[in-house]
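Here is a short briefing to keep beside the model while you look around. Please have the sequence and the 3D view open together.

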Amino acid sequence: MFIGVAVIAAVGMLVSAKDTYLKLLNSVALVLLTLSGGWTIRQTFTQGSYQYGQGILYWDALSALLLSVIVIIAVYVILFSLAYMEKEVHEKKLPRTRLKWYYFWIWIFIATMLLVVSTPNLGVMWVGIEGTTLATTLLVGFYRNKKAVEAAWKYLILCTVGISFALLGTMLLFAAAAPHLGQSLIALDWRMLPKVANQLDLNLVRLGVLFTLVGYGAKVGFVPMHAWLPDAHSQAPSPVSALLSAVLLNCALYAILRWYSLTRLTALGPDFMGKILMSFGFLSLALMVGFILMQKDVKRLLAYSSVEHMGILAIGFGLGTKEAVWGASLHLLLHGLTKANLFVIIGSLVQKTGTRQMPRMRGIFKVWPYTGIIMVLGLLGITGTPPFGTFRSELSILAGLYKMDHPLLGFLALLCLTLIFAGFLYHFLQMLFGKPRESYQAGESVSTLVLAAPILVVLVLGLFIPQSLNQALNQVVKVILGGV
Amino acid sequence: MSGISENWLNLVLLVLLASGLSIVYSSRVEKALNWWTVQTVAVSLLILAQGIYQNELEVIFVGILLLIGKAGVIPILLRRVLKESKTEWVGEIYLKRASSLVVAGGLTIIAYDVTKPLMALPQSGFRNGLAVAIALIFFGLLLMMIRKVAIVQVLGILLIDNGIFLAGFFLTQGMPLLVEMGSMFDILVGIVIIVILSKQMLENYDSLNVDHMRSLKG
């Protein structure tokens, strides 16, 4: 239903590139998306699950969590896009006619992500994830200059190869499940698979899990398959970077989680995939410290920080205790909000200063105080400083590490987080203070503060978590840990 | 597989493996592309034959789609890019063609070795088939690592895709139709996007050599 909205909106965008037309159509599409998406999310959380069209589309708590992330961030980012892209056209960085292609691909991108979280079938999910790669490639290369083309090429090649491994993994699972469930779509349905989970052929499942983890892991950006990520995030238009980082990575992680909750039930045991996830997580977290400390390009800084947070999520989910998975689910939502906010505000900063190099940005506070305030909020949010919600979720994951008798790992994770905090603080303080450049055009309206909406939500969620959200998260935990 | 006789199956597998090796050995992009087309036709004929013997409409349908979509459309699109860019050489940088053939031979043996534990499969023909499929995936990866022309890397992806398709066929006698069609659609759209991207690459760099693209680091 909302997938239809997104596809129709995408095609509609191609009709005209006039400013008013695009604004009107996007607003209508966003309202419809919010209404239908919000309704589905509500139904899912109140009933535990919700289906459409005799179960062709199916949502449980985990899909609903992802669905809410997609809808919220899509609305925020597209609203920002309308102003941002208009300005790019105004500054003659892009011809106006290209705008319609921009919105076309963005909406196709959103549609494919909605498909990923709405299908109960691991095969169709694969088709959707590959679809997200295709939809975003041309967005990454949207500026068509040398660097953008390079980033897009790297992205397409690396992710396509990765994803084809995931297809092989899915086939292996199908081969294992087909004798029990028959040669049809049902054999890849994650509602049916848990029922036969302990009868599946172990060799096939083990190999399948490995292939899938590497495949989708490339898309999530786990080290060592992360090479495409900073390039793609830094070269794409900023709103697209926000979507990539805050939603797409989560969608790929969602695919891994579906496999995870399934493998926990097979004879491989709950720890098999959890341990691999945790290794990926620690590797990603540890390696990003260096990249973040030494970074000069502000958008790459944020991209590496995404890899780091995906690592934290992998640790939390891989740990597999109730507390850690609860924290990770919350963190998934909060990281999405914070990162989208940061990419948006940094994007507008890059547009104003005309550079992505941090050493060339100085004295932001003096020239654009409101942008400065949001940057400070974002800095505190992304590094998990109290009282932001991210502190709470990261703490829950770390506490899980200590409780499961991994004090050394807990210490290492804390050390990495502290170093990353130091790196972020260093970079951001230098940008915020100092002597501003003369070429800056000072002055901005108070309305800039509207952009801070997501980070304020993160702040509030750090202070108190409403009962309904807590219940929803507990449902998510149940889905991940206990199958369907 | 009731239907196709062991002999015929072995013949098809020979064609598949030989064309895979020929792609690795080719020094001209156009030739490699031709070999890939031969291979894809062989894959789709195999699937068609299977479908006709077993009277399964779904399998026949997939075979026809494969023949038209992959063996038909993709070479035309890629050939157009080749002509425009005047690319002929495959860009052997790290390994020359003879030594890459040796490596590919080694990979084939490894492929036979790694598929051993999965060999609960009923017929020996299947066992060969799966090993050849894995070998093709290895060839694709090899091609992507040792060649520097964008289109050849794409051929690597397509080779991997053929391998995965075959592996799926031998493991499961065909995935559900919806998934098959979805993956084929994805590959087709992917190739269209690759064509668009290579045009932009030509505009920016005047060649399809990916070695020029090294500016993004750190």
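This is a predicted model: local features need pLDDT of at least 70, side-chain atom pairs count only at pLDDT 80 or more; totals for chains, interfaces and linings use all residues.

Residues are numbered from 1 along each chain as its sequence is written, and chains are lettered from A and ligands numbered from 1 in the order in which they are written.

**Domains of chain A**

- Chain A is assigned domain 1 (1-268) and domain 2 (270-484), with bounds that come from an automatic or database domain assignment.
- The centres of domain 1 and domain 2 of chain A, taken over C-alpha atoms, are 21 Å apart.
- Between them, 45 residues of domain 1 of chain A are in contact with 44 residues of domain 2 of chain A; contact here requires C-beta atoms, placed from the backbone, to lie within 7 Å.
- On the side of domain 1 of chain A that touches domain 2, at least two residues each come from α3 (61-90), α8 (202-220), α9 (228-235) and α10 (238-263) of chain A.
- Helices in this briefing are DSSP runs of H or I with at least four residues, strands are runs of E with at least two, and both are numbered from the N terminus.
- α10(A) gives the most to that side of domain 1, with 14 residues.
- By residue type, the side of domain 1 of chain A that touches domain 2 of chain A holds 29 nonpolar, 12 polar and four charged residues.
- For these classes, Ala, Val, Leu, Ile, Met, Phe, Trp, Tyr, Cys and Pro count as nonpolar, Asp, Glu, Lys and Arg as charged, and the others, Gly among them, as polar.

**A closer look at α10 of chain A**

- α10(A) has 26 residues and reaches 37 Å from its first C-alpha to its last, close to the expected 38 Å; the expected span is 1.5 Å times one less than the number of residues.
- Look for a kink of about 35° in α10(A), centred on L244(A), where the bend is the angle between axes fitted to the seven residues ending at a residue and the seven starting there.
- Because 26 of its 26 residues are buried, α10(A) is largely enclosed by the rest of the structure.
- A residue is buried if 20 or more other C-beta atoms lie within 10 Å of its own, exposed if 12 or fewer, and partly exposed in between, with C-beta atoms placed from the backbone.

**Where chain B meets chain A**

- 36 residues of chain A are in contact with 32 residues of chain B.
- On the chain B side, α6 (150-172) and α7 (177-205) of chain B are the elements that give two or more residues.
- α7(B) has the largest share of that side, 15 residues.
- The side of chain B that touches chain A is made up of 20 nonpolar, 10 polar and two charged residues.
- α6(B) is mostly covered, with 23 of its 23 residues buried.

**Chain B as a whole**

- Chain B has seven helices and zero strands.
- The radius of gyration of chain B is 18 Å, close to the 17 Å that the globule rule gives for 218 residues, so chain B is as compact as a globular protein of that length.
- That radius is taken over C-alpha atoms, and the globule rule is 2.2 Å times the number of residues to the power 0.38.
- The C-alpha atoms of chain B fill a box of roughly 55 × 35 × 35 Å along the principal axes.
- Buried residues account for 48% of the 218 residues in chain B.

**Backbone details to check**

- V223(A) and P224(A) are joined by a cis peptide bond, with omega about 5°, and P224(A) is in the loop between α8 and α9 of chain A.
- A cis peptide bond also joins P386(A) and P387(A), with omega about 5°; P387(A) is in the loop between α15 (369-382) and α16 (389-403) of chain A.
- N55(B), a residue other than glycine, has a positive phi near 55° and is in the loop between α2 (29-54) and α3 (57-85) of chain B.
- D206(B) is not a glycine either, yet its phi is positive at about 65°; D206(B) is found in the segment after α7 of chain B.

Definitions and conventions. Two residues are in contact if their C-beta atoms, placed from the backbone, lie within 7 Å.
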